[in-house]
Amino acid sequence: MTEEQITDKLVSLYGSEVTTADIKAFCSMNDIHYNTVTRKLQKYKVSKGKWNLEVTQEAVEQIEKTFNAPSAQPALDCVPTPDKTFVPFGSFKDVKKIIQSKQFYPAFITGLSGNGKTFSVQQACAQLGRELIRVNITIETDEDDLIGGFRLVNGETVWHNGPVIEALERGAILLLDEIDLASNKILCLQSVLEGNGIFLKKIGRFVRPSKGFNVFATANTKGKGSDDGRFIGTNVLNEAFLERFPVTFEQSYPSIATENKILEVVASELGVKDPYFCKRLVDWGDIIRKTFYDGGVDEVISTRRLVHILRAYSIFKEKGKALQVCINRFDDETKQSFMELYDKVDATFNIPVDESEQG
Ligand SMILES: Nc1ncnc2c1ncn2[C@@H]1O[C@H](COP(=O)(O)OP(=O)(O)OP(=O)(O)O)[C@@H](O)[C@H]1O
Ligand SMILES: [Mg+2]
């Protein structure tokens, strides 16, 4: 008798769950040896003296594997790489001290765009060899993105830790970047911001913060919205949420000397040997910022944009072209006034002729 014939007959006689007594009765009825039958039913054995003819051992293992499957694994090493072009300034020293203390002490860093808020948290972690998990917050960011949820991995549904849970468990630094773009869904982090860990209701597990876990948030506003419309998409953050950050750092643009140093380091990385250009760019940025603070212009030149210009110069090898392509993002009037201003600070400069206007 084949395995199939044996199982079919057994199921029709006793159902899918059979015992030693059932098999013995079956053997005497069919004049077949007990050991021959049990050998053929080996893969259906569920425990001593019991066989389930519908569920093979293989199927049982598969089910157990599904239940015990690990959550989808993130990248192993989250320590940022030190960047040679980084020049410490502003809140950097304090940010580094907080991280070094390994205390849970959430900090909010606010300031205009492109002045090194994100970069300083990254580099503080890089210098201290600490893991950093950065989450870019948007209006769409929800509990699933932050805390985690179920994902399909190799055809199986498994729990996947969100960045917040990863950071809690690893004792890493959690960077909530651009937090003022968040909706009220961010409030799911209230208990995490109190240093209490979080209960994952979907899998019934409580996650406690490991030593070293801390949260930094960056934003262009202070979470009170942006009246002048400069930062479209920023939202008014819940007062109780903001209250959970004990300290706020106001990051401003670097001083002339620091910014000059930044541009010189970047220039040397790019192989651009033009300290004069770096100096003029810094002067130009400084004048524009002063005018901006006085309400004279609506746009500002960030440290990031000065770096962009230097990069463009290393590619196009022309100051005019580099400036042009990097300030094209502003409206025509602003572009023209920025270009004329540069012309005033750099004696060696000629305003480029707009290519689209050439015959
Ligand atoms: N301290 C610094 N040393 C060297 N480069 C810097 C420094 N700060 C800023 N930069 C330059 O400015 C760029 C922008 O910095 P970063 O992304 O940290 O700005 P941000 O303040 O987070 O801006 P946003 O508000 O738009 O997110 C960096 O990529 C770097 O090129
Ligand atoms: Mg940033």
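Guide: Begin with what a domain is here: domain bounds come from an automatic or database domain assignment. Keep in mind too that this is a predicted model. For this protein the assignment gives domain 1 (3-68), domain 2 (92-250) and domain 3 (256-357).

Visitor: From which domains does the shell around ligand 1 draw at least three residues each?

Guide: Domain 2 (92-250) and domain 3 (256-357) each supply at least three residues to that shell. It holds 17 residues, and those that come nearest to ligand 1 are Ser113, Gly116, Lys117, Thr118 and Phe119. By element, α6 (117-128) and α13 are the ones that give two or more residues. By residue type, the shell divides into 6 nonpolar, 9 polar and 2 charged.

Visitor: What radius of gyration does the protein have, against that of a compact globule of 359 residues?

Guide: The globule would be near 21 Å, but the protein has 32 Å. Along the principal axes, its C-alpha atoms fill a box of roughly 110 × 55 × 35 Å. The centres of domain 1 and domain 2, taken over C-alpha atoms, are separated by 54 Å. Of the 359 residues, 29% count as buried. Among contacts between residues at least 6 apart in sequence, 70% join residues at least 24 apart.

Visitor: How many helices and strands are there in the protein?

Guide: There are 15 helices and 12 strands. Gly15, which follows α1, has a positive phi near 85°.

Visitor: What does the comparison give for α13?

Guide: Helix α13 (residues 303-316) has 14 residues and reaches 20 Å from first C-alpha to last, close to the 20 Å expected. Just after α13, Lys317 takes a positive phi of about 60°.

Visitor: Which residues of α13 are buried, and against which helices do they pack?

Guide: The buried ones are Thr303, Arg305, Leu306, Val307, Ile309, Leu310 and Tyr313. They pack against α11 (256-270), α12 (275-293) and α14 (319-327).

Visitor: Why does Gly285 count as buried?

Guide: The cut-off is 20 or more other C-beta atoms within 10 Å. Gly285 has 25, so it is buried. Gly285 is found in helix α12. Leaving aside neighbours within four places in sequence, Gly285 is in contact with Glu259, Ile301 and Leu306. Asn35 is 250 residues from Gly285 in sequence and 90 Å from it in space, C-alpha to C-alpha.

Visitor: Where do Asn154 and Glu178 lie?

Guide: Asn154 is in the loop between β6 (148-153) and β7 (156-161). Glu178 lies in the loop between β8 (173-177) and α9 (190-193).

Methods: Residues are numbered from 1 along each chain as its sequence is written. Chains are lettered from A and ligands numbered from 1 in the order in which they are written. This is a predicted model: local features need pLDDT of at least 70, side-chain atom pairs count only at pLDDT 80 or more; totals for chains, interfaces and linings use all residues. Helices (H or I, at least four residues) and strands (E, at least two) are DSSP runs, numbered from the N terminus. The expected span of a helix is 1.5 Å times one less than its number of residues. A residue is buried if 20 or more other C-beta atoms lie within 10 Å of its own, exposed if 12 or fewer, and partly exposed in between; C-beta atoms are placed from the backbone. Two residues are in contact if their C-beta atoms, placed from the backbone, lie within 7 Å. The radius of gyration is taken over C-alpha atoms; the globule rule is 2.2 Å times the number of residues to the power 0.38. A residue is near a molecule or strand if its C-beta atom, placed from the backbone, lies within 6 Å of it. Ala, Val, Leu, Ile, Met, Phe, Trp, Tyr, Cys and Pro count as nonpolar, Asp, Glu, Lys and Arg as charged, and the others, Gly among them, as polar.
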